[in-house]
Amino acid sequence: MTKNKKPDTQKKIDTPGEHHNTGQEKTPGADFPIIGIGASAGGLEALERFLRNVPEKSGMAFVVVQHLDPTREGMMVELLERITAMPVFQVLENTSVQPDCVYLIPPNRDMSLFHGALHLFEPAAPRGLRLPIDYFFRSMADDRQERSIGVILSGMGTDGTLGLKAIKEKEGMVFVQEPASAKFDGMPRSAIHTGLVDIVAPAEELPLKIIDYLKQKPLMGGPGQGLSDKDRTAFEKIAILLRSQTGHDFSLYKQTTVYRRIERRMAIHQIEELTAYIRFLQENPQELQVLFKELLIGVTSFFRDLEAWEQMKEQVIPELFSGHAPNQPLRAWVPACSTGEEAYSLAIIFKEVLEQVKPPANFSLKVFATDLDDDAIGKARQGLYTPNIAADVSPERLRRFFIEEEHGYRVGKEIRDMVVFAPQNIIMDPPFTKIHLLICRNLLIYLVPELQKKLLALFHHSLNPGGVLFLGSAETVGILTDLFEPLKGKARFYRRLEATEHTELFQFPSPGLRLPASMPDAAPALAKAQNHIPNLENLANELILKRYAPAAVLVSDKGDILYTSGRTGKYLEPTAGKANWNIFAMAPAGLSYKLNRSFHQAIRQNSTVTLKNVKIDTDGDKQTVDVTIQPLVEPKVLRRLAMIVFTDVRMPPQTKSSHRNKRIPVCKTRAAELELELEQSRRELRSVRQEMQSSQEELLSAYEELQSTNEELQSTNEETTTSKEELQSLNEELQTVNYELQTKLDELYLLNNDMKNLLESTDIAILFLDNALCVRRFTAQTAKIIKLIPGDLGRPITDIVSTLTYPELDEDAQKVLRTLEFMEKSVTTSDGRWFRVRIMPYRTLDNKIDGLVLTFTDITASKTLEIAQRATEDDLEKRITDKDLELNKARQRLQTEMQGKDSDKTTQSDETPGVST
């Protein structure tokens with residue numbers, strides 16, 4: 001197909017500054033779909049089947065990342081040109097991605113996507129440890145966000161697994177080749193094992209499934225546009241179905257997040273209407289469980305945001321050490337832990353910091369890690385992760401804290417013992433308390449602001465004073481700055497503050513039970529000020545002397561007088577009847593209304609308000625004063641209080657004659673009438689006010705009595721609530737630990753059963769001894785050789801009767817413990833049986849010697865054959881010896897006879913001379 005031939009310059013990867021355009025201008029952040037494809041061994045066949053089924057003019061661009069030999073030029077471009085009509089290019093630096101094109105990664109390069117252009121990098125990892133598919137998928141997730149689409153085809157290993165997690169975190173889509181149709185199923189199976197894959201199908205079916213997904217219309221029309229009333233009702237029904245199936249309410253999740261995930265599920269099943277999807281959910285309960293898993297967003301990794309973890313190591317944990325006693329364990333809580341990577345990351349960082357403490361200290365850490373997903377908690381408990389975590393974990397940490405196994409890396413026992421995993425609904429279940437460090441990253445961004453505030457208040461309740469909260473890079477504490485203050489640095493670390501505001505947001509254990517709020521009436525405000533403001537008189541006097549010289553009063557935010565200074569009686573006077581120490585009741589008639597209005601203005605605006613030239617009656621005379629109302633901010637103990645200062649103003653003297661001269665005679669009568677009417681109105685107003693004050697005093701008296709009772713009840717309720725919260729938190733922790741122990745007991749029970757059946761199925765006598773040569777365990781066959789019963793466990797082996805004729809057993813066992821070299825001997829028993837005794841050191845998983853293992857193999861049959869064979873050999877040797885003797889005798893006789901004949905011949909020759917012999 002010559003029409004698809006490319007110039008040779010398209011394959012060059014080492015020409016700096018080259019830019020590739022397929023006849024079009026570069027369009028950063030292009031709207032067309034960009035499909036990232038990862039393949040390895042057997043990937044060429046899968047790619048051919050995939051690309052053959054891509055329709056012409058699909059409008060999609062395909063970026064292929066393979067594991068290529070870095071030492072030689074490949075022929076992938078020519079091979080793929082034969083099977084697809086789309087142009088195929090080998091990527092150059094800064095290549096602009098265009099639709100209906102295929103782009104191949106060059107050898108010995110990592111590739112990333114930035115604003116619709118492909119960039120090449122020298123690989124940082126050594127050959128054999130490179131993960132180019134993960135590298136590209138992560139960059140594509142950052143660049144394309146929810147429009148990311150990743151495809152994993154045939155290949156060995158686990159490359160692409162971490163990359164697809166990044167795609168899912170950005171709400172993208174992941175398609176995987178069906179393992180049964182892949183030539184090598186390592187990469188597809190590793191991807192499917194994460195539980196994050198959207199569609200699994202043969203390679204030839206994936207293109208049409210991608211197209212079907214892209215054709216799906218979004219539920220929300222565009223930015224700022226919500227659902228129609230019909231769709232909103234349908235969404236509420238889906239939330240009801242989820243709650244009935246799983247027990248969890250997703251109505252408080254951000255609508256855009258939930259809608260997008262519902263859209264994805266509808267696109268996968270080719271459903272266009274929400275009402276149809278509701279019917280599908282009702283008919284297929286398993287889809288509800290899949291949607292539930294989709295909404296959980298269980299994506300995490302080791303040491304995510306490495307700079308933040310470095311700050312944790314260099315600043316946060318050392319500061320916790322500095323203010324903590326070594327004999328008390330530090331407590332950490334990691335809600336929404338998913339599969340446990342961040343919990344284990346914290347434990348590893350803690351161990352590293354602990355090793356740097358000088359002098360060495362006996363600090364310990366207990367991490368409580370919880371999540372809504374039981375399956376994720378199960379994976380976290382196993383502590384087994386794919387090999388490509390090497391991209392996030394340094395080789396030194398892999399060597400120290402992980403054990404390499406066939407299928408990946410397992411977290412070491414020392415780190416796993418520091419973390420307790422348990423399922424928990426953070427919104428409904430009791431929280432952990434007395435926490436020093438709380439890590440909740442990338443959960444709040446998926447929740448509505450109201451729920452965010454409630455969770456932050458819950459975190460404030462859980463943390464100890466001075467405790468640290470660690471949030472995700474896109475999360476903050478919002479307006480709750482009185483609960484937390486940020487630490488220095490770019491990471492989202494916050495320190496817990498002592499605060500009384502926003503405590504009403506904390507609603508555990510039930511919405512009906514809230515922390516008590518401050519009382520609105522005067523008496524509790526007065527009591528609160530007296531109880532919580534130490535040395536009130538000294539502080540007030542000091543403040544007055546520094547700032548004010550005139551008469552002044554210190555009042556609560558309700559106007560109740562707490563302290564007076566100077567001649568305040570000149571401006572205030574008590575009312576008749578029951579004592580009322582409210583400044584508005586004691587202010588004179590000319591001042592009360594203005595003072596009331598200005599006071600509330602000052603408190604509301606938290607700013608100073610001054611009343612100028614106010615005329616009041618003082619001892620029968622008119623006095624002009626300036627009244628200053630200042631809400632107090634500093635010192636901290638005087639917050640929510642206010643200082644009211646009265647300052648006399650001297651007015652220029654005015655004589656009565658000057659006034660009289662200015663009056664107009666015609667107005668004298670009218671002025672007198674108005675004065676009488678005004679005086680009468682004042683008397684009526686005073687009478688009404690007195691009646692109103694009398695009624696108010698009676699109501700206030702009854703209210704104060706009720707309030708007193710209410711305070712006692714609330715005090716008791718607070719104590720009960722506190723005790724209940726502590727008990728519930730303690731109970732939750734005990735249940736968590738008990739659940740963990742029960743799980744381990746179940747595993748131990750199964751392991752014991754397996755071991756028992758294994759040992760009995762071998763039909764070999766096995767005896768386990770400890771370092772003191774005491775019996776630890778034995779099989780049933782052993783009891784036939786050594787007289788063992790279950791009650792002998794813990795007894796020295798030398799004290800137990802044995803049929804073995806093996807007096808040096810004790811010496812040989814001690815020798816094996818010293819030299820750590822196994823020993824093997826054949827010994828007999830008193831009843832004539834023979835056994836081969838093999839003594840070996842007992843090694844734990846930590847490569848420690850913890851006793852001996854003795855095996856007794858019955859060799860009686862072979863020994864019997866050996867003895868019979870030896871007897872036969874002896875008999876044969878005897879017969880051979882006898883035959884040899886007879887032959888020797890016969891040989892001697894023959895020699896004698898021969899010699900005799902020779903003698904006779906010699907004699908005859910002597911007797912016959914001349915005859916030649």
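## A buried charged pair

R441 and E342 are both buried. This is a predicted model, and in it the side chains of these two residues meet in a salt bridge, with 3.3 Å from N to O. R441 sits in the loop between β17 (435–440) and α16 (449–462), while E342 belongs to helix α12 (residues 341–356), so the pair ties together parts that are 99 residues apart in sequence.

E352 forms a salt bridge with R397, and their closest N and O atoms are 2.8 Å apart. Since E352 lies in α12 and R397 in helix α14 (residues 395–401), this pair ties together parts that are 45 residues apart in sequence.

## Other salt bridges

Now for a pair out in the strands. K612 and D626 form a salt bridge, with 3.9 Å between the closest N and O atoms. K612 is in strand β23 (residues 609–618) and D626 in strand β24 (residues 621–631), 14 residues apart. Are the two ends of this pair buried or exposed? K612 is exposed, at 58% relative accessible area, whereas D626 is buried, at 14%.

Salt bridges that share partners also join E169, R304, D305, E342 and R441 into one network. The count of salt bridges comes to 32. As for the general idea, side chains of opposite charge can pair when their charged atoms come close.

Most residues other than glycine have a negative phi. D305 lies in the loop between α10 (285–296) and α11 (306–322), and counts as partly exposed at 35% relative accessibility.

Q270 is another one to look at: its phi is positive at about 55 degrees, and it is not a glycine either. Q270 is found in the loop between α8 (255–268) and α9 (274–283). With a relative accessible area of 43%, Q270 is partly exposed.

An open sheet of 7 strands runs in the order β3-β5-β2-β1-β8-β9-β10, with parallel pairing. Its edge strands are β3 (88–90) and β10 (199–201), each of which pairs on one side only. On average, neighbouring strands of this sheet are turned by 20 degrees against each other, direction ignored. Inside that order, strand β1 (residues 34–39) and strand β8 (residues 149–152) pair in the parallel sense over 4 bridges. The bridge partner of G36 in β8 is G150.

Helix α3 lies across β1, β2 (61–66) and β8, running at about 165 degrees to β1. What helix does α3 (residues 132–144) meet, and at what angle do the axes cross? The partner is helix α4 (residues 161–169): the axes come within 7 Å and cross at roughly 10 degrees. That makes α3 roughly parallel to α4, because angles under 35 degrees count that way. On the α3 side the contact involves D134, F137, R138, M140 and A141, which meet T161, L162, G163, L164, A166 and I167 in α4. The residues of this contact divide into 7 nonpolar, 2 polar and 2 charged.

## Two covered strands

How many residues of strand β16 are buried? In β16 (residues 419–423), 4 of the 5 residues are buried, so the strand is largely enclosed by the rest of the structure. Strand β12 (residues 365–371) pairs with β16 in the parallel sense, over 5 bridges. P423 in β16 is the bridge partner of D371.

Strand β22 (residues 561–565) is mostly covered, with 4 of its 5 residues buried. Its pairing with strand β21 (residues 551–556) is antiparallel, over 4 bridges, and L554 stands opposite Y563 in β22. β21 and β22 form a hairpin with 4 residues between them. In the turn, G559 has a positive phi of about 95 degrees.

Terms used. Residues are numbered from 1 along each chain as its sequence is written. This is a predicted model: local features need pLDDT of at least 70, side-chain atom pairs count only at pLDDT 80 or more; totals for chains, interfaces and linings use all residues. Side-chain values use heavy atoms; hydrogens and water are left out. Buried means under 20% relative accessible area, exposed over 50%, partly exposed in between (1.4 Å probe, protein chains only). Two strands pair if DSSP finds at least two bridges between them. A salt bridge is a side-chain nitrogen of Lys or Arg within 4 Å of a carboxyl oxygen of Asp or Glu. Axes are lines fitted to C-alpha atoms, for helices over the stretch in contact, and angles run from 0 to 180 degrees between N-to-C directions. Angles under 35 degrees count as roughly parallel, over 145 as roughly antiparallel, 65 to 115 as roughly perpendicular and the rest as oblique. Contact means heavy atoms within 4.5 Å. Ala, Val, Leu, Ile, Met, Phe, Trp, Tyr, Cys and Pro count as nonpolar, Asp, Glu, Lys and Arg as charged, and the others, Gly among them, as polar.
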